Structure formats: structure tokens, C-alpha cells
Amino acid sequence: MRTILITGPGGSGRTTTAAATALQAAREGTRTLVLGTDRTDTLGAALGTPTGPAPTRLGDHLTAWRPDVATAFRADLTALQDRASGALDLLGAARLDAEEVTPLPGAAELTVLRALRDAVLSEAHDLVVVDLPPADQALALLSLPEELRRYLRRLLPPERQAARALRPVLGRLAGVPMPAEWLYETAARWDTDLAAVEAVLADRHTHVRLVAEPTPAAADAVRAAVLGLALRGRRPDALVATRVLPEAEAQPGSWLAGLVAQQRKILEEWQDAHDVTPVAHLGRDPRGADDLAALTVPGAVTEPSTVDWPVTDRLAEDGVLVWHIPLPGATRDDLDLIRRGDELVLTVGPFRRIVPLPSALRRCTVEGAGLRDDELRIRFAPDPGLWPAGR
């Protein structure tokens with residue numbers, strides 16, 4: 001099973017690229033699912049066939065699906081009310097009917113992640129192509145499972161469930177009601193679901209692909225997206241440059257010649273850092289299978305897009321261990337590091353992530369950090385009180 005997550009700046013043609021990628025794979029005989037995430041049917045407009053909450057077969061090897069956020073949110077809320085019925089009755093709370101429920105912020109992201117998990121685990125397809133939201137929203141979506149699991153572990157630590165038999169006694173001693181059993185069961189179920197989504201996103205066969213029109217604003221957005229992905233331990237497997245104008249049609253001194261020169265400059269910059277696939281401008285918005293087939297898009301790749309964060313042993317030479325974190329495009333002014341127990345709070349520009357320290361570094365103190373050659377290098381010195389004797 002391979003997964004391609006496609007995103008890019010808004011208006012870059014990411015939905016069209018996702019549809020073209022899925023169509024190309026299906027025509028090569030790959031069982032392909034293309035998953036749309038927009039509330040409006042932009043995916044159906046690109047494919048020339050409406051898509052919706054029920055998977056739609058578009059051929060022998062192609063299926064399109066656009067999950068219904070509202071239905072999924074109503075089902076989740078109804079199930080939660082059923083499990084918490086005892087507490088709600090005790091409080092005298094009135095239950096919400098499904099008809100009066102509208103999705104809250106964040107419901108769309110959770111619906112997309114659940115649909116991706118279900119699609120991958122079903123094993124009904126060989127390739128899943130996901131038309132993610134614009135890059136800034138997509139990066140937040142990709143970080144959601146890890147962050148929610150961390151919140152759950154802090155608010156409802158699993159180890160507290162071991163004392164479930166003592167909760168009535170503890171409640172009487174403390175004078176306050178203890179968390180109900182259903183709350184821990186719900187948290188455990190959510191953690192299991194989120195862990196499955198996190199595993200799909202972290203899989204070596206899951207790739208993130210960027211789509212952008214070669215303009216100055218898009219170039220800035222691509223740099224930010226690459227940095228945000230790097231903080232997640234990812235790099236884009238390809239950069240699809242859309243709406244590339246034909247140089248042969250540009251007459252010297254014309255307005256088109258200026259646009260072509262601007263695109264050429266940006267494409268050269270991108271080609272120095274990425275695997276770039278230029279997609280020619282069709283002179284119209286692509287619609288339907290014939291237009292999509294005319295777009296040259298990259299296929300699925302086999303090399304993983306995950307990036308290792310290795311720890312090198314410099315104890316003999318410098319007395320430190322060095323943690324190497326690739327952060328292409330980062331600057332010193334954008335960086336902020338905080339050590340909190342066994343975790344590192346890492347901020348890079350607008351992005352922030354809390355990551356657990358590798359086991360060896362948890363027994364060390366931070367000696368310093370430096371940014372060199374697009375790589376953050378954090379130096380750790382062994383803590384004599386925690387470091388095993390003789391090592």
C-alpha cells in the first residue's frame with residue numbers, strides 16, 4: 001500500500017494534480033483511491049464526475065471519495081452522548097439531537113484522517129491519493145494525531161486506570177467525584193484510533209508531494225512548507241510546478257516574456273533543491289479525463305520520504321553526543337529550543353513540535369546547539385548522576 005498526500009499553496013492546482021495523479025496510476029493498472037477533502041466538490045469538477053460521501057467507481061481501477069464531515073461528526077457526538085448518558089442525566093443535561101448538530105472546528109480534519117486510516121487499512125486499494133487542504137492547513141492536519149495523543153496522555157494518563165478499583169474510596173476521601181470509567185475507556189479508544197492514523201502518516205510508504213505555480217508568493221509558501229515538513233521528519237518526494245507557460249510563445253518585450261522569465265528563475269531555484277516536474281499550462285482550467293491525461297505528473301515513488309534524526313557519538317573526541325535535526329531553510333532567528341524533562345520543545349518560525357528525546361539523551365544535559373548547513377545540531381553531555389558507570 002502506498003499513499004501520496006498532495007498539498008500546496010491555495011490556488012496552486014493541487015486538486016487537479018491529485019486527480020491527474022490518481023487517473024494516471026489507475027490507467028497503469030493500479031487499484032487507486034483518490035480522497036477529496038474540500039467541502040465543495042472541487043475533486044468532482046476536476047474529474048468531470050461528481051463525488052460524495054459514498055465511494056464512486058470511475059473505472060476498473062479508480063475510485064473517488066469525498067467523506068461527509070457533518071454525518072461523521074453527528075455520529076461521533078451521538079455515540080459520545082450514549083456513553084456519557086449517566087453523567088448527563090446526573091447533571092440534568094439535555095441531549096442534543098443529531099438534526100441540530102453542526103460540525104465544530106477541527107471536525108473536518110478528524111474526518112479526513114479517519115477516512116485515510118480506513119482506506120489504508122481496508123487493503124482494497126494499492127494506492128491512495130489524498131487531496132489535502134492548502135499547505136498551512138495540511139501541516140496542522142498532519143500534526144494533529146501526535147498532538148492529540150499527547151494531550152490525552154497528559155489529561156488522562158493510562159497508568160491511572162490501574163487504580164480504578166480505588167476510585168470510589170478516593171472520591172469519598174477527596175470529597176470530589178473521580179473520573180468515570182467511561183471517560184478512560186473513551187480516551188483509550190481515541191488513543192488507539194489516533195495511533196492508527198499516526199502509523200499511516202509515519203509509514204515509509206506514505207509520501208508528501210507539493211504542488212505550486214512558479215510565482216514569488218508560491219516560492220515563499222514552498223519554503224515554509226518544506227520547513228514545516230522537516231519539523232515532522234519529512235521531505236517532499238516531488239515538487240509539481242503547475243501552469244508553466246511555453247517559452248516559445250513569449251515574444252521579446254511582451255508581458256508574457258516577463259512572466260516566462262519570472263517562472264524560469266523560480267524553476268531554476270526549485271530544481272537546485274527538489275525533484276521538480278513542470279506541468280505545462282493548457283490555456284484553460286483542466287476538466288475531465290482527457291484534460292487530466294494531458295498533464296505530465298510524477299507517479300508513485302519507492303524511496304521513503306521520511307528523514308532520520310541521528311545521534312552521533314562524540315564522547316571520545318568532545319565528551320558529547322550530538323543530535324542532528326535537518327531543517328532546510330531555517331535561520332537562527334527562527335529557532336527556539338526548550339528542554340522539558342524527557343522532551344524537547346522545538347520552534348522553527350511559525351511551526352512548533354514537542355518531541356521525546358532519544359533514550360540515551362534523556363540521561364544527558366544540554367550543552368549547546370548550533371545551526372549549520374541547514375541542520376540543527378544539539379550537543380548533550382552525560383549526566384554523571386544518571387549515566388551508567390563505565391560507559
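His-207 touches quite a list of residues, leaving aside those up to four places away in sequence: Thr-3, Ile-4, Leu-5, Arg-234, Asp-237, Val-301, Glu-303, Pro-304 and Ser-305, where a contact means heavy atoms within 4.5 Å. All of this comes from a predicted model, in which local features need pLDDT of at least 70 and side-chain atom pairs count only at pLDDT 80 or more, while totals for chains, interfaces and linings use all residues. Numbering runs from 1 along each chain as its sequence is written, and side-chain values use heavy atoms, with hydrogens and water left out. His-207 sits in strand E6 (residues 206-212); strands (E, at least two residues) and helices (H or I, at least four) are DSSP runs, numbered from the N terminus. With a relative accessible area of 2%, His-207 is buried, the label for anything under 20%, as against exposed for over 50% and partly exposed in between (1.4 Å probe, protein chains only).

As for the chain overall, DSSP gives 12 helices and 15 strands. Of its 391 residues, 43% count as buried. Among contacts with a separation of 6 or more, 68% are between residues 24 or more positions apart. The exposed surface comes to about 20,300 Å², with carbon and sulfur atoms supplying 54% of it; these areas were computed by the Shrake-Rupley method with a 1.4 Å probe, and for residues only the protein chains shown count as cover. Confidence is expressed as pLDDT, the predictor's score for each residue from 0 to 100. The chain averages 85, and 82% of the residues score at least 70. Over residues 169-178, however, pLDDT stays under 50, and the model has four contacts beyond four places in sequence for this stretch.

The largest nonpolar core has 61 residues, with Leu-116, Trp-270, Trp-323 and Leu-327 making the most contacts inside it. Such a core is a set of buried Ala, Val, Leu, Ile, Met, Phe, Trp, Tyr and Cys residues joined through side-chain atoms within 4.5 Å. Helix H9 (residues 216-231) supplies the largest share, nine residues. Apart from this core lies another, of 23 residues, including Ala-19, Ala-20, Leu-43 and Val-297. H9 itself has 16 residues and spans 23 Å from first to last C-alpha, close to the 22 Å expected at 1.5 Å a residue, the expected span being 1.5 Å times one less than the number of residues. Its buried residues are Ala-218, Ala-219, Val-222, Ala-225, Val-226, Leu-227, Gly-228, Leu-229, Ala-230 and Leu-231. Just after H9, Gly-233 takes a positive phi of about 75 degrees.

Helix H5 (residues 107-122) also has 16 residues, and its reach of 22 Å is close to the expected 22 Å. Its buried residues include Thr-111, Ala-115 and Leu-116. Leu-116 touches Thr-3, Leu-5, Leu-35, Val-128, Val-130, Val-200 and Leu-201, again not counting residues up to four places away in sequence. Thr-111 and Ala-115 turn up among the contacts of Pro-67, together with Leu-35, Gly-36 and Pro-53, under that sequence exclusion of up to four places. Pro-67 lies in the loop between strand E4 (62-65) and helix H3 (69-83) and is buried at 16% relative accessible area. Pro-67 and Ala-115 are 48 residues apart in sequence, with 7.1 Å from C-alpha to C-alpha.

H5 is followed by Glu-123, which has a positive phi near 60 degrees despite being a residue other than glycine. Glu-123 is found in the loop between H5 and strand E5 (127-131) and, at 62% relative accessibility, counts as exposed. Asp-374, likewise not a glycine, has a positive phi near 60 degrees. Its place is the loop between strand E14 (364-372) and strand E15 (375-382), where Asp-374 is partly exposed at 41%.

A search of the whole structure finds one aromatic pair. Rings of Phe, Tyr and Trp (its six-membered ring) pair if their centres lie within 6.5 Å, with planes under 30 degrees apart counted as stacked, over 60 as edge-to-face and the rest as tilted. Trp-309 is in the loop between helix H11 (288-293) and strand E9 (311-314), whereas Trp-323 belongs to strand E10 (residues 320-326), 14 residues apart. Both tryptophans are buried.
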